[in-house]
Amino acid sequence: MIKINENYLKLNASYLFAEITKRTNEFIAANPDTKIIKLGLGDVTRGLPPACVKAFHMAVDELADDATFRGYGPYTGYEFLRTAIAEKEFQAFGANISADEVFVSDGSKPDTGNIQELFSTDAKVAVSDPVYPVYVDTNVMAGRSGSFKDGKYEGILYLDSTEENNYISDIPNEKVDLIYLCFPNNPTGATVTKEKLAQWVEYAQDSKALILFDAAYVAFIRDDSIPKSIFEIDGAKEVAIEFRSFSKTAGFTGTRCAYTVIPKSCTAYDSEGNKQSVHSLWSRRVTTKSNGVSYPVQRAAEAAFSEEGAGQIRELTSYYLKNASLIRDKISGLGYKVTGGENSPYLWIKTGTDSWEFFDLLLNKAAVVTTPGSGFGLCGEGYIRISAFNSYENVELAMQRITDILKK
Ligand code: PLP
(Lines give C-alpha, C1' and ligand atoms only; values in the text may rest on other atoms or scores of the structure.)
Protein backbone atom coordinates (compact mmCIF):
# COMPACT_ATOMS: atom_id res chain seq x y z
CA MET A 1 0.00 0.00 0.00
CA ILE A 2 1.42 3.34 -1.02
CA LYS A 3 1.22 5.74 1.88
CA ILE A 4 1.26 9.49 1.65
CA ASN A 5 3.53 11.98 3.36
CA GLU A 6 1.09 12.84 6.14
CA ASN A 7 2.81 16.14 6.79
CA TYR A 8 0.79 17.38 3.80
CA LEU A 9 -2.37 16.75 5.80
CA LYS A 10 -1.20 19.25 8.40
CA LEU A 11 -1.23 22.08 5.84
CA ASN A 12 -3.77 24.72 6.58
CA ALA A 13 -5.76 25.02 3.33
CA SER A 14 -4.33 28.26 1.98
CA TYR A 15 -7.51 29.93 0.99
CA LEU A 16 -6.11 33.45 0.76
CA PHE A 17 -5.79 33.99 -2.99
CA ALA A 18 -8.62 31.53 -3.76
CA GLU A 19 -10.90 33.48 -1.44
CA ILE A 20 -9.81 36.80 -2.98
CA THR A 21 -10.58 35.43 -6.44
CA LYS A 22 -13.96 34.10 -5.29
CA ARG A 23 -15.02 37.43 -3.76
CA THR A 24 -13.68 39.35 -6.77
CA ASN A 25 -15.58 37.13 -9.20
CA GLU A 26 -18.78 37.52 -7.20
CA PHE A 27 -18.38 41.29 -7.36
CA ILE A 28 -17.74 41.21 -11.12
CA ALA A 29 -20.83 39.02 -11.67
CA ALA A 30 -22.98 41.45 -9.69
CA ASN A 31 -21.41 44.58 -11.29
CA PRO A 32 -20.55 43.63 -14.87
CA ASP A 33 -20.15 47.26 -16.01
CA THR A 34 -17.76 48.35 -13.28
CA LYS A 35 -14.05 48.46 -14.09
CA ILE A 36 -12.23 46.52 -11.41
CA ILE A 37 -8.66 47.47 -10.45
CA LYS A 38 -6.42 44.73 -9.12
CA LEU A 39 -3.78 45.80 -6.60
CA GLY A 40 -3.77 42.47 -4.82
CA LEU A 41 -1.40 40.02 -6.45
CA GLY A 42 2.33 40.62 -6.54
CA ASP A 43 2.61 40.10 -10.28
CA VAL A 44 4.15 42.62 -12.66
CA THR A 45 2.12 44.11 -15.49
CA ARG A 46 4.59 45.78 -17.88
CA GLY A 47 6.42 44.20 -20.83
CA LEU A 48 9.97 42.83 -20.67
CA PRO A 49 12.81 45.35 -21.08
CA PRO A 50 13.66 45.67 -24.80
CA ALA A 51 17.32 44.70 -24.20
CA CYS A 52 16.15 41.40 -22.68
CA VAL A 53 13.71 40.78 -25.52
CA LYS A 54 16.46 41.37 -28.11
CA ALA A 55 18.81 38.92 -26.38
CA PHE A 56 15.95 36.41 -26.04
CA HIS A 57 15.26 36.56 -29.82
CA MET A 58 18.92 36.23 -30.71
CA ALA A 59 19.30 33.19 -28.49
CA VAL A 60 16.24 31.52 -30.02
CA ASP A 61 17.78 32.08 -33.47
CA GLU A 62 20.99 30.42 -32.27
CA LEU A 63 18.98 27.39 -31.22
CA ALA A 64 17.38 27.20 -34.66
CA ASP A 65 20.72 26.68 -36.37
CA ASP A 66 22.68 23.37 -36.16
CA ALA A 67 25.94 25.32 -36.00
CA THR A 68 24.98 27.29 -32.90
CA PHE A 69 22.43 24.93 -31.35
CA ARG A 70 22.80 24.13 -27.62
CA GLY A 71 21.23 21.20 -25.79
CA TYR A 72 21.44 20.66 -22.04
CA GLY A 73 23.22 23.55 -20.41
CA PRO A 74 25.29 23.57 -17.22
CA TYR A 75 23.16 22.52 -14.24
CA THR A 76 23.94 25.59 -12.20
CA GLY A 77 23.74 28.14 -15.00
CA TYR A 78 25.85 29.37 -17.90
CA GLU A 79 29.16 30.93 -16.99
CA PHE A 80 28.26 34.18 -18.80
CA LEU A 81 25.27 34.75 -16.51
CA ARG A 82 26.93 33.62 -13.27
CA THR A 83 29.88 35.93 -13.95
CA ALA A 84 27.63 38.89 -14.78
CA ILE A 85 25.65 38.35 -11.55
CA ALA A 86 28.75 38.02 -9.34
CA GLU A 87 30.40 41.11 -10.82
CA LYS A 88 27.44 43.45 -11.26
CA GLU A 89 25.25 42.51 -8.32
CA PHE A 90 27.81 41.72 -5.63
CA GLN A 91 31.42 42.68 -6.36
CA ALA A 92 30.30 46.12 -7.56
CA PHE A 93 28.76 46.67 -4.09
CA GLY A 94 31.75 45.41 -2.13
CA ALA A 95 30.41 41.89 -1.53
CA ASN A 96 33.10 39.40 -2.43
CA ILE A 97 31.03 36.75 -4.23
CA SER A 98 32.51 34.68 -7.06
CA ALA A 99 30.69 33.28 -10.11
CA ASP A 100 30.90 29.70 -8.84
CA GLU A 101 28.98 30.70 -5.69
CA VAL A 102 25.96 31.65 -7.86
CA PHE A 103 23.35 29.00 -8.73
CA VAL A 104 21.01 30.05 -11.54
CA SER A 105 17.49 28.63 -11.27
CA ASP A 106 13.95 28.97 -12.53
CA GLY A 107 12.71 30.91 -9.51
CA SER A 108 13.17 32.05 -5.95
CA LYS A 109 9.92 30.35 -5.01
CA PRO A 110 11.35 26.92 -5.85
CA ASP A 111 14.72 27.81 -4.33
CA THR A 112 13.38 29.19 -1.05
CA GLY A 113 11.00 26.23 -0.97
CA ASN A 114 13.59 23.53 -1.75
CA ILE A 115 16.58 24.73 0.24
CA GLN A 116 15.19 23.25 3.47
CA GLU A 117 15.80 19.75 2.02
CA LEU A 118 19.46 20.16 2.93
CA PHE A 119 18.78 20.39 6.63
CA SER A 120 17.76 17.91 9.29
CA THR A 121 14.10 17.30 9.97
CA ASP A 122 14.53 18.41 13.55
CA ALA A 123 15.99 21.81 12.62
CA LYS A 124 14.17 24.55 14.51
CA VAL A 125 12.77 27.09 12.06
CA ALA A 126 12.08 30.77 12.68
CA VAL A 127 10.01 33.00 10.39
CA SER A 128 8.71 36.50 10.72
CA ASP A 129 4.99 37.10 11.18
CA PRO A 130 3.56 38.24 8.72
CA VAL A 131 5.43 35.99 6.29
CA TYR A 132 5.72 34.92 2.65
CA PRO A 133 3.87 31.58 3.08
CA VAL A 134 6.32 29.44 1.04
CA TYR A 135 8.88 29.40 3.88
CA VAL A 136 6.39 27.97 6.34
CA ASP A 137 4.50 25.54 4.13
CA THR A 138 7.63 23.86 2.74
CA ASN A 139 8.89 23.20 6.26
CA VAL A 140 5.51 21.81 7.27
CA MET A 141 5.63 19.47 4.25
CA ALA A 142 9.07 18.31 5.35
CA GLY A 143 7.87 17.48 8.87
CA ARG A 144 9.43 20.37 10.78
CA SER A 145 6.20 21.35 12.51
CA GLY A 146 3.35 20.04 14.56
CA SER A 147 -0.24 20.79 13.71
CA PHE A 148 -1.84 24.11 12.83
CA LYS A 149 -3.40 25.64 15.96
CA ASP A 150 -4.72 29.13 16.60
CA GLY A 151 -3.21 30.54 13.41
CA LYS A 152 0.28 29.01 13.84
CA TYR A 153 2.07 25.73 13.26
CA GLU A 154 3.37 24.18 16.45
CA GLY A 155 7.12 23.86 16.50
CA ILE A 156 7.79 26.84 14.23
CA LEU A 157 8.96 30.03 15.91
CA TYR A 158 7.03 33.05 14.65
CA LEU A 159 8.81 36.36 15.22
CA ASP A 160 6.41 39.28 15.38
CA SER A 161 7.06 42.03 12.84
CA THR A 162 4.95 44.89 14.04
CA GLU A 163 4.72 48.64 14.22
CA GLU A 164 6.66 48.46 17.53
CA ASN A 165 9.79 47.01 15.92
CA ASN A 166 9.39 48.80 12.55
CA TYR A 167 8.38 45.47 11.03
CA ILE A 168 11.86 44.02 11.57
CA SER A 169 11.68 40.94 13.79
CA ASP A 170 13.61 41.04 17.05
CA ILE A 171 16.40 38.57 17.64
CA PRO A 172 14.87 35.59 19.52
CA ASN A 173 15.79 34.77 23.10
CA GLU A 174 15.97 31.09 22.25
CA LYS A 175 18.18 29.16 19.84
CA VAL A 176 16.92 28.36 16.37
CA ASP A 177 18.71 26.69 13.46
CA LEU A 178 17.17 28.13 10.31
CA ILE A 179 16.01 31.74 10.00
CA TYR A 180 14.10 33.17 7.05
CA LEU A 181 14.53 36.90 6.51
CA CYS A 182 13.04 38.84 3.60
CA PHE A 183 13.99 42.46 2.84
CA PRO A 184 12.52 44.54 1.27
CA ASN A 185 9.74 42.54 2.81
CA ASN A 186 6.76 40.86 1.28
CA PRO A 187 4.14 41.65 2.55
CA THR A 188 5.05 44.68 4.71
CA GLY A 189 7.39 46.52 2.32
CA ALA A 190 9.72 47.17 5.27
CA THR A 191 13.47 47.39 4.74
CA VAL A 192 16.26 46.45 7.12
CA THR A 193 19.20 48.50 8.38
CA LYS A 194 22.82 47.36 8.21
CA GLU A 195 22.98 47.44 12.02
CA LYS A 196 19.99 45.15 12.43
CA LEU A 197 21.22 42.75 9.77
CA ALA A 198 24.61 42.65 11.50
CA GLN A 199 22.82 41.66 14.72
CA TRP A 200 21.16 38.79 12.89
CA VAL A 201 24.50 37.65 11.46
CA GLU A 202 26.01 37.76 14.95
CA TYR A 203 23.10 35.73 16.31
CA ALA A 204 23.59 33.12 13.56
CA GLN A 205 27.32 32.93 14.30
CA ASP A 206 26.69 32.46 18.03
CA SER A 207 23.95 29.86 17.52
CA LYS A 208 25.60 28.04 14.59
CA ALA A 209 22.41 28.85 12.74
CA LEU A 210 21.84 29.64 9.07
CA ILE A 211 20.07 32.71 7.65
CA LEU A 212 18.07 32.37 4.44
CA PHE A 213 17.94 35.91 3.10
CA ASP A 214 15.32 36.54 0.43
CA ALA A 215 16.13 39.66 -1.58
CA ALA A 216 13.54 39.22 -4.34
CA TYR A 217 12.71 42.95 -4.19
CA VAL A 218 16.24 44.37 -4.00
CA ALA A 219 15.84 46.22 -7.32
CA PHE A 220 13.38 48.59 -5.66
CA ILE A 221 15.88 49.92 -3.13
CA ARG A 222 16.73 53.56 -3.86
CA ASP A 223 18.12 54.58 -0.47
CA ASP A 224 21.87 53.84 -0.48
CA SER A 225 21.99 53.36 3.27
CA ILE A 226 19.82 50.22 3.01
CA PRO A 227 21.85 47.03 2.54
CA LYS A 228 21.17 45.32 -0.78
CA SER A 229 22.82 42.05 0.13
CA ILE A 230 23.40 40.25 3.41
CA PHE A 231 26.93 39.66 2.13
CA GLU A 232 27.65 43.35 2.74
CA ILE A 233 27.77 42.33 6.41
CA ASP A 234 31.08 41.00 7.76
CA GLY A 235 30.93 37.32 8.61
CA ALA A 236 27.72 36.66 6.64
CA LYS A 237 29.44 34.38 4.14
CA GLU A 238 29.74 31.67 6.79
CA VAL A 239 26.13 31.86 8.00
CA ALA A 240 23.89 33.03 5.16
CA ILE A 241 22.41 32.17 1.79
CA GLU A 242 20.83 34.81 -0.43
CA PHE A 243 18.01 34.44 -2.93
CA ARG A 244 17.40 36.84 -5.79
CA SER A 245 15.08 36.81 -8.77
CA PHE A 246 14.63 38.49 -12.12
CA SER A 247 10.84 38.26 -11.59
CA LYS A 248 10.13 41.66 -10.08
CA THR A 249 13.48 43.15 -11.14
CA ALA A 250 13.03 42.67 -14.87
CA GLY A 251 9.45 41.46 -15.31
CA PHE A 252 10.42 37.76 -15.51
CA THR A 253 7.49 36.38 -13.47
CA GLY A 254 6.36 34.37 -16.49
CA THR A 255 9.78 34.02 -18.14
CA ARG A 256 11.34 32.47 -14.99
CA CYS A 257 14.89 33.13 -13.91
CA ALA A 258 16.41 33.59 -10.48
CA TYR A 259 19.56 32.74 -8.56
CA THR A 260 20.72 31.61 -5.17
CA VAL A 261 24.07 32.62 -3.76
CA ILE A 262 25.78 30.13 -1.45
CA PRO A 263 29.32 31.12 -0.49
CA LYS A 264 31.79 28.25 -0.37
CA SER A 265 32.44 29.11 3.27
CA CYS A 266 28.77 28.73 4.25
CA THR A 267 28.57 26.05 6.91
CA ALA A 268 26.09 23.59 8.41
CA TYR A 269 26.89 20.70 10.72
CA ASP A 270 26.51 16.91 10.69
CA SER A 271 25.21 14.95 13.67
CA GLU A 272 28.75 14.73 15.06
CA GLY A 273 29.13 18.49 14.94
CA ASN A 274 31.56 18.45 12.01
CA LYS A 275 31.39 21.34 9.56
CA GLN A 276 29.83 20.57 6.20
CA SER A 277 29.73 22.77 3.11
CA VAL A 278 26.21 23.96 2.24
CA HIS A 279 27.54 24.91 -1.21
CA SER A 280 28.52 21.27 -1.88
CA LEU A 281 25.17 19.95 -0.68
CA TRP A 282 23.17 22.36 -2.86
CA SER A 283 25.46 21.62 -5.82
CA ARG A 284 24.74 17.93 -5.35
CA ARG A 285 21.01 18.58 -5.17
CA VAL A 286 20.92 20.82 -8.23
CA THR A 287 22.98 18.45 -10.38
CA THR A 288 20.73 15.57 -9.36
CA LYS A 289 17.34 17.22 -9.66
CA SER A 290 17.65 19.95 -12.30
CA ASN A 291 18.77 20.41 -15.87
CA GLY A 292 19.02 24.14 -15.51
CA VAL A 293 17.24 27.08 -17.07
CA SER A 294 16.73 27.45 -20.83
CA TYR A 295 19.50 29.13 -22.81
CA PRO A 296 17.35 31.98 -24.25
CA VAL A 297 16.07 32.85 -20.77
CA GLN A 298 19.62 33.02 -19.42
CA ARG A 299 20.69 35.22 -22.34
CA ALA A 300 17.68 37.48 -21.67
CA ALA A 301 18.66 37.64 -17.99
CA GLU A 302 22.27 38.44 -18.89
CA ALA A 303 21.04 41.39 -20.96
CA ALA A 304 19.60 42.87 -17.78
CA PHE A 305 23.20 43.70 -16.83
CA SER A 306 24.13 45.48 -20.07
CA GLU A 307 24.20 49.26 -19.88
CA GLU A 308 21.04 49.45 -21.96
CA GLY A 309 19.27 46.72 -19.94
CA ALA A 310 20.24 48.17 -16.57
CA GLY A 311 18.80 51.54 -17.63
CA GLN A 312 15.55 49.94 -18.75
CA ILE A 313 15.24 47.98 -15.52
CA ARG A 314 15.79 51.11 -13.52
CA GLU A 315 13.02 52.76 -15.53
CA LEU A 316 10.72 49.75 -15.05
CA THR A 317 11.17 49.56 -11.28
CA SER A 318 10.93 53.36 -11.01
CA TYR A 319 7.57 53.20 -12.77
CA TYR A 320 6.19 50.88 -10.07
CA LEU A 321 7.83 52.99 -7.36
CA LYS A 322 6.01 56.04 -8.73
CA ASN A 323 2.77 54.09 -8.32
CA ALA A 324 3.82 53.14 -4.81
CA SER A 325 4.56 56.73 -3.95
CA LEU A 326 1.13 57.84 -5.14
CA ILE A 327 -0.55 55.12 -3.07
CA ARG A 328 1.53 56.08 -0.04
CA ASP A 329 0.64 59.76 -0.34
CA LYS A 330 -3.05 59.21 -0.88
CA ILE A 331 -3.57 56.56 1.80
CA SER A 332 -1.51 58.33 4.44
CA GLY A 333 -3.32 61.54 3.49
CA LEU A 334 -6.50 59.78 4.56
CA GLY A 335 -5.01 59.32 8.02
CA TYR A 336 -3.83 55.72 7.77
CA LYS A 337 -0.40 54.54 8.86
CA VAL A 338 1.48 53.20 5.85
CA THR A 339 4.71 51.19 5.75
CA GLY A 340 6.68 50.34 2.60
CA GLY A 341 6.23 51.78 -0.84
CA GLU A 342 9.49 53.76 -0.68
CA ASN A 343 12.05 51.10 -1.43
CA SER A 344 9.51 48.42 -2.14
CA PRO A 345 6.51 47.79 -4.43
CA TYR A 346 4.31 46.81 -1.46
CA LEU A 347 2.43 49.00 0.97
CA TRP A 348 1.22 47.74 4.31
CA ILE A 349 -1.75 49.73 5.56
CA LYS A 350 -2.87 49.69 9.16
CA THR A 351 -6.65 49.64 8.85
CA GLY A 352 -7.48 49.15 12.50
CA THR A 353 -10.34 46.90 11.45
CA ASP A 354 -10.72 43.26 10.51
CA SER A 355 -8.56 42.69 7.38
CA TRP A 356 -11.28 40.94 5.39
CA GLU A 357 -13.84 43.58 6.35
CA PHE A 358 -11.57 46.31 4.95
CA PHE A 359 -10.85 44.20 1.87
CA ASP A 360 -14.62 43.88 1.28
CA LEU A 361 -15.14 47.59 1.76
CA LEU A 362 -12.55 48.46 -0.90
CA LEU A 363 -13.85 45.78 -3.24
CA ASN A 364 -17.54 46.54 -2.91
CA LYS A 365 -17.41 50.33 -2.68
CA ALA A 366 -14.31 51.18 -4.77
CA ALA A 367 -13.96 48.09 -7.01
CA VAL A 368 -10.32 47.81 -5.92
CA VAL A 369 -8.79 44.44 -5.05
CA THR A 370 -6.16 44.35 -2.30
CA THR A 371 -4.82 41.55 -0.07
CA PRO A 372 -6.02 41.10 3.52
CA GLY A 373 -3.01 41.15 5.84
CA SER A 374 -4.37 38.31 7.97
CA GLY A 375 -3.61 35.95 5.05
CA PHE A 376 0.11 36.36 5.85
CA GLY A 377 -0.07 35.53 9.54
CA LEU A 378 -1.61 36.50 12.85
CA CYS A 379 0.30 39.80 13.00
CA GLY A 380 -1.24 40.75 9.65
CA GLU A 381 -4.70 41.05 11.17
CA GLY A 382 -5.83 44.68 11.04
CA TYR A 383 -3.78 45.37 7.90
CA ILE A 384 -4.12 45.15 4.14
CA ARG A 385 -1.36 44.92 1.55
CA ILE A 386 -1.58 47.07 -1.57
CA SER A 387 0.67 46.20 -4.49
CA ALA A 388 2.03 48.87 -6.84
CA PHE A 389 2.06 46.51 -9.83
CA ASN A 390 -0.42 48.06 -12.24
CA SER A 391 -0.55 50.98 -14.68
CA TYR A 392 -0.17 54.49 -13.25
CA GLU A 393 -3.58 55.39 -14.68
CA ASN A 394 -5.22 52.48 -12.88
CA VAL A 395 -3.48 53.36 -9.63
CA GLU A 396 -4.65 56.98 -9.96
CA LEU A 397 -8.21 55.82 -10.53
CA ALA A 398 -8.04 53.38 -7.63
CA MET A 399 -6.74 56.09 -5.30
CA GLN A 400 -9.47 58.48 -6.42
CA ARG A 401 -12.14 55.90 -5.68
CA ILE A 402 -10.61 54.95 -2.33
CA THR A 403 -10.34 58.63 -1.35
CA ASP A 404 -14.00 59.13 -2.23
CA ILE A 405 -15.16 56.36 0.10
CA LEU A 406 -12.70 56.83 2.95
CA LYS A 407 -12.33 60.59 3.31
CA LYS A 408 -13.59 61.63 6.66
N1 PLP B 1 10.27 35.60 -2.62
C2 PLP B 1 9.34 36.50 -2.31
C3 PLP B 1 9.44 37.23 -1.02
C4 PLP B 1 8.27 36.76 -3.18
O5 PLP B 1 7.35 37.67 -2.86
C6 PLP B 1 8.20 36.05 -4.40
C7 PLP B 1 7.09 36.26 -5.34
O8 PLP B 1 6.12 36.89 -5.12
C9 PLP B 1 9.18 35.13 -4.67
C10 PLP B 1 10.21 34.91 -3.77
C11 PLP B 1 9.08 34.28 -5.90
O12 PLP B 1 9.96 34.66 -6.88
P13 PLP B 1 10.07 33.88 -8.24
O14 PLP B 1 9.11 34.47 -9.20
O15 PLP B 1 11.51 34.04 -8.64
O16 PLP B 1 9.76 32.42 -8.00
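Me: What makes Ile-168, Ser-169 and Asp-170 the residues that Lys-196 touches?

Reply: A contact means heavy atoms within 4.5 Å, and Lys-196 has such contacts with Ile-168, Ser-169 and Asp-170, leaving out residues up to four places away in sequence. Bear in mind that this is a predicted model, where local features need pLDDT of at least 70 and side-chain atom pairs count only at pLDDT 80 or more, while totals for chains, interfaces and linings use all residues. Residues are numbered from 1 along each chain as its sequence is written, and side-chain values use heavy atoms, with hydrogens and water left out.

Me: Why is Lys-196 called buried?

Reply: Its relative accessible area is 17%. Buried means under 20%, exposed over 50%, and partly exposed is in between (1.4 Å probe, protein chains only), so Lys-196 counts as buried.

Me: And Lys-337, why is that one called exposed?

Reply: Lys-337 comes out at 53% relative accessible area, so it is exposed. It sits in strand S13 (residues 337–340); strands are DSSP runs of E, at least two residues, and helices are runs of H or I, at least four, numbered from the N terminus. Lys-337 still touches Glu-163, Trp-348, Ile-349 and Lys-350, again not counting residues up to four places away in sequence.

Me: Why is H12 called roughly parallel to H14?

Reply: The axes of H12 (residues 307–333) and H14 (residues 392–406) cross at roughly 10° and come within 10 Å. Angles under 35 degrees count as roughly parallel, over 145 as roughly antiparallel, 65 to 115 as roughly perpendicular and the rest as oblique, so H12 is roughly parallel to H14. The axes are lines fitted to C-alpha atoms, for helices over the stretch in contact, with angles from 0 to 180 degrees between N-to-C directions.

Me: Which residues of H12 and H14 meet?

Reply: From H12, they include Tyr-319, Leu-326 and Lys-330, and from H14, Tyr-392, Glu-396 and Met-399 are among them.

Me: What makes a set of residues a nonpolar core?

Reply: The members are buried Ala, Val, Leu, Ile, Met, Phe, Trp, Tyr and Cys residues joined through side-chain atoms within 4.5 Å. The largest such set here has 55 residues, and Ile-211 and Phe-246 have the most contacts inside it. Helix H4 (residues 79–90) gives the most to this core, with six residues. Another core lies apart from it, with 26 residues, including Phe-103 and Leu-210.
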